[in-house]
Amino acid sequence: TAAAAADDDDACSVLCSPAAASPNTKPVTYTTHVVFRGILLGALKRLMNSNANFKFTYTEDPNYGPYLESVNGVAGSAEDHTYWELLVETPDDKTIRPDVGIGCYIPSANDKIILRFSKYNNQCTT
């Protein structure tokens with residue numbers, strides 16, 4: 001039943017840190033729920049459907065699955081070497097970088113999901 005399913009939901013928070021180009025913008029934290037053993041993508045969709053202030057887009061890569069493109073209108077750019085980095089602050093205050101993306105990461109109860117707008121260095125050495 002729906003009530004039983006709701007009892008199986010775990011709360012998690014999503015922290016969106018702003019682009020470096022917007023240093024005066026503070027990170028925003030949202031709260032959502034993820035069903036038992038549910039993936040982060042489902043929790044993000046649930047959050048977007050329940051909170052008009054949170055929006056995100058993603059693309060489906062045929063080899064790697066869903067790839068987070070933009071959060072609240074700010075998109076990563078290959079030209080600018082920017083992307084949305086997925087980090088997780090666990091209930092024991094450790095920050096980890098999952099080895100999977102939003103389509104495979106299964107949040108635990110009370111995880112803080114951190115979506116951090118980041119810049120990468122594209123230099124290669126030989």
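What you see is a predicted model, in which local features need pLDDT of at least 70 and side-chain atom pairs count only at pLDDT 80 or more, while totals for chains, interfaces and linings use all residues. Residues are numbered from 1 along each chain as its sequence is written, and side-chain values use heavy atoms, with hydrogens and water left out.

The structure holds five aromatic pairs, where rings of Phe, Tyr and Trp (its six-membered ring) pair if their centres lie within 6.5 Å, and planes under 30 degrees apart count as stacked, over 60 as edge-to-face and the rest as tilted. In F54 and F56 the ring centres are 6.0 Å apart and the planes stand at 35°, so this pair is tilted. F54 is buried at a relative accessible area of 0%, and F56 is buried as well, at 6%; buried means under 20% relative accessible area, exposed over 50%, and partly exposed in between, with a 1.4 Å probe and protein chains only.

The rings of Y83 and Y120 also have centres 6.0 Å apart, and with planes at 55° the pair is tilted. Y83 is partly exposed at 24%, and Y120 is partly exposed at 31%.

Ring pairs also link Y30, F54, F56 and Y58 into a cluster. As for Y58, this residue stands opposite L68 in β4.

Methods. Two strands pair if DSSP finds at least two bridges between them. Helices (H or I, at least four residues) and strands (E, at least two) are DSSP runs, numbered from the N terminus.
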